[in-house]
Amino acid sequence: MNRLTSSVAAMALALSHGGAVAGTVEDMRARTPEQEVIYFVLPDRFENGDPANDTGGLTGGKLQTGFDPTDKAFYHGGDLKGLTVRLDYIQNLGASAIWVGPIFRNKPVQGPKGNESAGYHGYWITDFTAVDPHFGTNEDFAALVQAAHARGMKVYMDIIVNHTADVIQFREGTAEGYPYRSKADYPFSTRGGLKGAAINSGFAGDAVATAENWAKLTDPSFAYTPVVPRAEKDVKVPAWLNDPIYYHNRGNTDWKGESAQYGDFVGLDDLATENPRVVDGMIDIYGGWIDRFGIDGFRIDTARHVNAELWRKFVPAMLERAKAKGIPNFHIFGEVATGDYDPALLASWTRNADLPGVLDFAFMRAVDDAAGGAKDGGTETLARLFDDDALYAGGKKGARQLPTFLGNHDAGRVAAFLKLGQPLAGNGELLQRSMLAHAMLLTLRGVPTIYYGDEQGFVGHGGDQWSRQDMFASKDKRLTDEPLLGTDRAPAAEHFDPTHPLYRLIAELATLRRNTPALHSGETKVRAASDKPGLFAVSRFDPKTGGEVLLAFNTSAEAVSGNVAVEPASAAFHTLAGTGCPATATAPGSVAVTLPPLGFAVCAAQP
């Protein structure tokens, strides 16, 4: 299917079920974060709108340009023009906001010899003020934002405050590379360790966040001696970023304790975010993007690896900048990555750092486990999620602004998690489980975030590079070596099919969510859960009328029946989505629910 016919088909589908977001710019600005459905996309892997920029204006081979569409670790050619061309596809899916992976100018290639990779993902920034030429120009980004706004869609930028590209090297190499050197063993007051010469006289430590104190830190060689290659001495923009004094220079993090905040991410230059010059600089950089382009929100990369004090200054400054631009509901959420179900850690960053929201990794773990039958296959953890919402700043109301998701570009795709939980399941069952997981995502509390390609049944072999497939026709054999869910299309073909069962389901439920206040803004009451696969049910309530919407899910591969508690006033029900809604209550306060294997039902109560 070519681009034109795909767009026409998508628009026809939208007309049939009301999938597209509509409204004026004023309507868009008035929407609060919990009313959004987000679509997260990596521009390089979405659509190639301008092949002329594939090499980013650079010459040479892949190690010079970063471009090799056959290699999952290099640029594949997607860009901002391509993303703009495909806005209808995203809009008709029901998304009201687009989270665009980092678009800033990156170091094209980095890494040790023989293990190089490219900055196609956008997280190796050298110029914080300009779009990377592989993606286009600042004007192309402006055109994307304007086109999205004309459709009533918001645009969120993925931003990085923690680090820059790997430019700074260290003179003291070891067999292990550059292991982390702590503040205790390598204080700011001596050069290269406790026995070194005295330096930085009068510096009172990095906890004293005054310009006067930090002006006394003049020598950055307290742990390692930083060296900037001559060819890269002026590569970073703004220019102040080229001075090693604004970095921690303590070697690579081991992800534990102090090093999680002060260490380099596998060599990426870790900014000294305690320094008020760095704080002010980042406020100027990202405030400028709001001023120039009128964007609608920030996803903050590696937020947990930055000191909380910075966020307490940065967030209010960004919200103030947005309001001055006429953007009253600027959405900010940070990445606080967790390997396990840990809402306490997530919530701590909304309280200690005053982040308005964080990506809800706890939701991902709970839903993927429930829908995939991983671990014990029960739904008790998912039920606990709503009690744990009290931990967040703002309590349960604050939790409704957390972006929820099933998988992403780092952790992996939802289909891969489901396959891990059910290794013997065929693609048909995995499709059903994916549809169940998406039904949970789009009806439970939080701000649903769709990872691009999940709506086309992409699976992948794991996280990071293995979960970053091309939507356009792909030349990467390693990313196209397995069948997709729900389609017979060749994995290497383009995948913008609006008739895909996952696309259709997401569009239907996104529309339902937008039109049903209980689903985007309502409180949650758990009705049924178990330590085994089976019935899971919650009620959500219209914030104005109190009307009940019963959500019932079957996480079992067998049909399930059971009695579910509801409000005594909920006497009758009609089906909003799925199958299995009871017509009437069995008795005041109780309904009988029957669901097919891996089925779900969204049931609106009537008195």
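**Exercise 1. Determine whether Cys581 is buried or exposed, and describe the link that it forms.**

Step 1. Cys581 has a relative accessible area of 17% and is therefore buried; the term buried means under 20% relative accessible area, exposed means over 50%, and partly exposed lies in between (1.4 Å probe, protein chains only). The structure is a predicted model, in which local features need pLDDT of at least 70 and side-chain atom pairs count only at pLDDT 80 or more, while totals for chains, interfaces and linings use all residues. Residues are numbered from 1 along each chain as its sequence is written, and side-chain values use heavy atoms, with hydrogens and water left out.

Step 2. A disulfide (a pair of cysteine sulfur atoms within 2.5 Å) joins Cys581 to Cys603, with an S to S distance of 2.1 Å. The count by this rule is one disulfide.

Step 3. The link of Cys581 and Cys603 is left-handed, with -90 degrees about the S-S bond. Cys581 lies in the loop between strand S18 (572-578) and strand S19 (590-595), and Cys603 lies in strand S20 (residues 600-606), so the pair ties together parts that are 22 residues apart in sequence. Helices (H or I, at least four residues) and strands (E, at least two) are DSSP runs, numbered from the N terminus.

**Exercise 2. State how many residues of helix H15 are buried, and name the helices against which they pack.**

Step 1. Helix H15 (residues 414-421) has six buried residues out of eight and is mostly covered.

Step 2. The buried residues in H15 are Val414, Ala415, Ala416, Phe417, Leu418 and Gly421.

Step 3. These residues pack against helix H12 (361-372) and helix H16 (427-443).

**Exercise 3. Describe the largest pocket and the largest cavity.**

Step 1. On a 1 Å grid over the protein atoms alone, a cavity is a set of points where a 1.4 Å probe fits but cannot get out; a pocket is an open set with protein on both sides within 12 Å along at least five of seven lines; lining residues have an atom within 4 Å of a point.

Step 2. The largest pocket holds about 1,300 Å³ of space. It is lined by 41 residues, of which Trp124, Trp255, Phe265, Val266 and Leu268 are the closest to its centre.

Step 3. Strand S5 (117-118) and strand S8 (169-170) each supply at least two residues of this lining.

Step 4. The whole structure has four cavities of 30 Å³ or more. The largest cavity has a volume of about 80 Å³, and its lining includes Phe458, Asp470 and Pro491.

**Exercise 4. Identify where Asn200, Asp464 and Pro238 lie, and describe the backbone at each.**

Step 1. Most residues other than glycine have a negative phi, and most peptide bonds are trans.

Step 2. Asn200 is not a glycine, yet its phi is positive, at about 55 degrees. Asn200 lies in the loop between S8 and helix H7 (211-214) and is buried, with a relative accessible area of 7%.

Step 3. Asp464 has a positive phi near 55 degrees and is placed in the loop between strand S13 (447-451) and helix H17 (501-515). Asp464 is partly exposed, with a relative accessible area of 37%.

Step 4. The peptide bond from Val237 to Pro238 is cis, with omega near 0 degrees. Pro238 is found in the loop between strand S9 (226-227) and helix H8 (259-262).

Note on methods
Points joined across faces, edges and corners; volume = space filled by probe spheres on them. Contact = heavy atoms within 4.5 Å.
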